[in-house]
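Q: Please take a close look at one helix of this structure. What does each of its sides face?

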Amino acid sequence: MISDGASSGMSVRTREAAIAQPDGALQPLVEAIEVSKRYRTQDGTIAALDPVTLVIGEREFTSIVGPSGCGKSTLMRIVAGLLPPTSGSVRIGGVTVDRPYVGAGIVFQDPTLYEWRRVLENVLLPVEIQRLDRAVFRRRALELLDLVGLTGFERKYPFELSGGMRQRVALCRALVHDPPLLLMDEPFAALDALSREQMNLELQDLCSRQRKTVLFITHSIPEAVFLSDCVVVMSARPGRIGATIPIALPRPRTLDVLGTSEFGRYTSEIRSILASWGVLRAR
Amino acid sequence: MISTRARAWLYPLTTVTVLLAVWELAARLGWVPRYLLPSVSGIVVRTVELRALVLRELMVTLWETLLGFGLSVVVGVPLGFALVSWRAFNQAVYPLLIGSQVVPKVALAPLFLLWFGFGLTAKMLIAFLVAFFPIVINSAVGLASIEPEKLDVARAAGASRLQLFWLARLPNALPMIFAGMKVSITLAVVGALVAEFIAAENGIGRLLLNANGNMDTELLFGGILALVALGVVLYLAMEAAERLLLPWHISQRVQPGTRLDAAP
């Protein structure tokens, strides 16, 4: 079909045009209003997430930090439309999310690559599902792979790659159909410390170039501060948003920023918030 | 110094050679009467002599086996998927399916011959009956055992139920399905053979019975040899198909001689 290719090419252009227009003022892209999640089990209902409101502006990088089991991942899955909330609602770009939201790229803690597909085929999975123009997006996939240093690995199978490389492929897969929104659930938690810093730099680079809105979930306070425009601190189960801290560090940020006193002030502020809830206890 | 690769061939080869030599010797020296255990060379000579006959009967058995096996795959994989994805169907059919495995399937063979006559249909169905269970179970387990996040990745991109099946569930299940098919294809040979034992004009089963009746023990062994060859060829064909279709899986499999406790 001719119209298929034409419309997909168009949607990319309009998206870029929309992003290029209003510089400065942040339009809210994601609005999660009073969303909560309860699970029914044999011993009654368990609250995974107390009603939470989260608003993310367009092109804003928002991180959520909090202890294990505070419902961070639940919140992200609700925003993605993968999990219906028990109460409340999510709107993205003004449209209520009542099914998986196609305009989001998702990265999980595990790369969750399809081991029966080669690297390039893995990256092209969303393109295939959405029946976009393969030729156009194949070029884009190759560009993305090049951007994360995986040129020459396009025809490898996932088992032939290291953990860091696999996570890079997962990142490319999340970005290939050019979604305006990136949802990342502890994407670098399984990587060693050095790879992690490398991935943080690459992610910052990618996001500034591609102008993405990002919801980033992490356990690491420095990672959250380094990457974000805004850090949301959540309390333990049932999850609640305890504090929202805007990060005013100038961009682009290099690893040198990790040693600055400003950076230290942000991380210790977040730490003390968590400590005040008894999550981090001083001896 | 012999390389590990060479040893993997040499050692079993030595065992087989020694065994055959002892056998040959025992037969030649008359330790065992010829109608009980003919010499290896005698078996070979007799089989080569009657190769046209053996081959013809083998082809009949092969055909029955392949039909039964093919039917097992065609019925087994969708049935496995239905069991996984359709709860009511699962509850209605699964106990029956498990229960049916308690019935010695070979015992049903005479009944099938009664129902479907002495032709190819009955033999195919008996081979199917014996062979289909591992495929159903392996398909069901394979289709059910996918990490939810692998599905989420596709769902988040807007995948329909059909796309989830073709892009994620089915390829994810293929290694398990193949494992089931490897078991099943050797079982299908057994099914076909049993059917031939009970009633057949031709096939290796018939050949074995005839040879037995004529006290032609050499030909009897020849028929068994042909069956062994058939089993090996079918198994190797499955391996080759797996290697071709699932190159990503083969390389991850445990190789013989791998220490399971050792880090990769």
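A: The buried residues of α7(A) pack against α6 (163-175) and α8 (221-227) of chain A. Helices here are DSSP runs of H or I with at least four residues, strands are E runs of at least two, and both are numbered from the N terminus. Packing rests on contact: two residues touch if their C-beta atoms, placed from the backbone, lie within 7 Å.

This is a predicted model; local features need pLDDT of at least 70, side-chain atom pairs count only at pLDDT 80 or more, and totals for chains, interfaces and linings use all residues. Residues are numbered from 1 along each chain as its sequence is written, while chains are lettered from A and ligands numbered from 1 in the order in which they are written.

Take the length of the helix next. α7(A) covers residues 193-210, 18 residues in all. At 1.5 Å a residue, it should span 26 Å, and its end C-alpha atoms are 25 Å apart, which agrees. The expected span is 1.5 Å times one less than the number of residues.

Now the sides. M199(A), N200(A) and L203(A) are buried in α7(A). Buried means that 20 or more other C-beta atoms lie within 10 Å of the residue's own; exposed means 12 or fewer, and partly exposed is in between, with C-beta atoms placed from the backbone. Seen down the axis, the buried residues fall within an arc of 110°, so they line one face of α7(A). That arc is taken from the directions from the helix axis to the C-beta atoms. The face turned away from the buried side carries the exposed residues L194(A) and R209(A).

Just after α7(A), R211(A) takes a positive phi of about 50°.
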